[in-house]
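Here is a briefing on one protein model. Look over the sequence and the fold before reading on.

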Amino acid sequence: MAEKIQVYGADWCGDCRLAKKVLGQLAAEYEWYDVAASEELKDKAIEISGQMRIPVVVYPDGTFQVEPSATDLKQKVAQL
């Protein structure tokens with residue numbers, strides 16, 4: 001995988017913590033973008049997904065998932 005997965009989320013978000021945990025368990029390289037710390041990052045997450053729901057997980061192949069389950073994350077990472 002040439003590029004890292006991008007995760008837009010916030011530390012207070014349970015789904016975001018789950019996404020980080022699952023990606024860590026899969027040893028998937030990812031970049032964390034804290035939307036609570038930056039209005040610019042919040043706007044980027046909305047631009048990608050068309051809505052303000054987190055986490056937004058963007059994959060190197062250009063696809064993304066919003067609020068993915070652990071199963072969804074595992075299946076997608078396995079395809080990369």
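This is a predicted model: local features need pLDDT of at least 70, side-chain atom pairs count only at pLDDT 80 or more; totals for chains, interfaces and linings use all residues.

Residues are numbered from 1 along each chain as its sequence is written, and side-chain values use heavy atoms, with hydrogens and water left out.

**Nonpolar cores**

- The largest nonpolar core has 10 residues: Ile-5, Val-7, Ala-19, Val-22, Leu-23, Ala-28, Val-57, Tyr-59, Leu-73 and Val-77.
- Strand S1 (5-9), helix H1 (14-25) and helix H3 (70-79) each give at least two residues to this core.
- H1 supplies the largest share of this core, three residues.
- Another core, of nine residues, lies apart from it and includes Ala-10, Cys-13, Cys-16 and Val-56.
- A nonpolar core here is a set of buried Ala, Val, Leu, Ile, Met, Phe, Trp, Tyr and Cys residues joined through side-chain atoms within 4.5 Å.
- Buried means under 20% relative accessible area, exposed over 50%, and partly exposed in between (1.4 Å probe, protein chains only).
- Helices (H or I, at least four residues) and strands (E, at least two) are DSSP runs, numbered from the N terminus.

- Contact means heavy atoms within 4.5 Å.
- Leaving out residues up to four places away in sequence, Leu-23 touches Ile-5, Val-7, Ala-28, Tyr-30, Leu-73 and Val-77.
- Val-57 sits in strand S3 (residues 56-58). Its relative accessible area is 0%, so Val-57 is buried.
- With residues up to four places away in sequence not counted, the contacts of Val-57 include Ile-5, Val-7, Phe-64, Pro-68 and Leu-73.
- Val-57 and Leu-73 are 16 residues apart along the chain, and their C-alpha atoms are separated by 8.8 Å.

**Helix H2 and Ser-49**

- Ser-38 caps the N-terminal end of H2 (residues 39-49), with a side-chain oxygen 3.3 Å from the backbone nitrogen of Glu-40.
- Ser-49 is part of H2. At 14% relative accessible area, Ser-49 is buried.
- The Ser-49 side chain reaches the backbone oxygen of Ala-45 at 3.0 Å. The Ser-49 side chain also reaches the backbone oxygen of Gln-51, at 2.8 Å.
- Not counting residues up to four places away in sequence, Ser-49 touches Val-56, Phe-64 and Val-66.

Key:
A polar contact is a pair of N or O atoms within 3.5 Å; within protein, one must be able to donate a hydrogen and the other to accept it, and residues adjacent in sequence count only if both atoms are side-chain atoms.
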